[in-house]
Amino acid sequence: IDKAIAEWKRLIEETPQDGNIYNNVADLYLRINDRANAIETCLKAASVYREAGFELKGVAVLKKILKIDPNRIDIYEKLADINAERGLTGTAAEAYHQTAKLYMQRGSFKAAIAVYQKLARFVPDDPEVPLNIARLYHKQEQYREAVLSYEQAEAIYESKGMVSDARHVVEEII
């Protein structure tokens, strides 16, 4: 397998814009359980595929990375961004939710806020998004930002006629 990897790498030097070669090398790394090099090579393959306009192949390789290491939050976020770019709003929203939850589980509140802010562009009428942002700001003792986000959530609830939920948000602000 090591000899095969060396040969494929030689091919990469000759044709660095062929994502299939990177993908094959990644598979070989997986066969020898070299997960780090497999992931690195998959990232290169995904990038080459995207640059060449083969978006779906790039997505497939990113999903392969998640099978190798399901804790790669950056890959979940990258997949969400790609779905957003492709106009797959529902899929992107779901992926952003999942990514934000993973960041929160790790205590990366700033990263979670950034993801929720991306999500807010796709679901501007979902009051849970600014509510989650507000709660994260509150945890970080950024009260001014928290209040502004709480107010956004309250306004969305009111616009939907959900007065009871709007009152709960006001109670959270207080």
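**Helix contacts and loop residues in a predicted model**

Me: Is E141 buried or exposed?
Reply: In this predicted model, E141 is exposed, because its relative accessible area is 57% and the cut-off for exposed is over 50%.

Me: Where does E141 lie?
Reply: E141 lies in the loop between α8 and α9, the latter spanning residues 143-159.

Me: What about the phi of E141?
Reply: The phi of E141 is positive, about 60 degrees, although E141 is not a glycine.

Me: And what is the phi of N33?
Reply: N33 has a positive phi of about 60 degrees, and N33 is not a glycine. It is found in the loop between α2 (19-31) and α3 (35-51). N33 counts as exposed, at 58% relative accessibility.

Me: Changing topic: at what angle do α7 and α8 pack?
Reply: Helix α7 (residues 109-122) and helix α8 (residues 128-139) pack at an angle of about 160 degrees, and their axes are 9 Å apart. That angle makes α7 roughly antiparallel to α8, because angles over 145 degrees count as such.

Me: Which hand does the crossing have, left or right?
Reply: The crossing of α7 past α8 is left-handed.

Me: Which residues make the contact?
Reply: From α7, the contact is made by F109, A112, I113, Y116, Q117, L119 and A120. From α8, V129, N132, I133, L136, Y137 and K139 take part. By class, the contact has 10 nonpolar, two polar and one charged residues.

Me: What is in the loop between α7 and α8?
Reply: V123 lies in that loop.

Me: Which residues does V123 touch, leaving out those up to four places away in sequence?
Reply: V123 touches A93 and V129.

Me: Now the aromatic rings. How many aromatic pairs are there?
Reply: The count comes to one aromatic pair. The ring centres of Y96 and F122 are 5.9 Å apart and the planes stand at 25 degrees, so the pair is stacked; planes under 30 degrees apart count as stacked.

Me: Which parts does the pair tie together?
Reply: Y96 lies in helix α6 (residues 89-105) and F122 in helix α7, so the pair ties together parts that are 26 residues apart in sequence.

Me: Is Y96 buried or exposed?
Reply: Y96 is buried, because its relative accessible area is 2%, and buried means under 20%.

Me: And how does F122 count?
Reply: F122 counts as partly exposed, at 25% relative accessibility.

Terms used:
Residues numbered from 1 in each chain as written. Predicted model: local features only at pLDDT ≥ 70, side-chain atom pairs only at ≥ 80, totals over all residues. Heavy atoms only, no water. Axes fitted to C-alpha atoms, helices over the stretch in contact; angles between N-to-C directions. Helix = DSSP H or I, 4+ residues; strand = E, 2+ residues; numbered from the N terminus. Parallel < 35°, antiparallel > 145°, perpendicular 65-115°, else oblique. Left-handed = near helix turned anticlockwise from the far one by under 90°. Contact = heavy atoms within 4.5 Å. Nonpolar A, V, L, I, M, F, W, Y, C, P; charged D, E, K, R; others polar. Phe/Tyr/Trp six-rings, centres within 6.5 Å; stacked < 30°, edge-to-face > 60°. Buried < 20%, exposed > 50% of the residue type's maximum accessible area, 1.4 Å probe, protein only.
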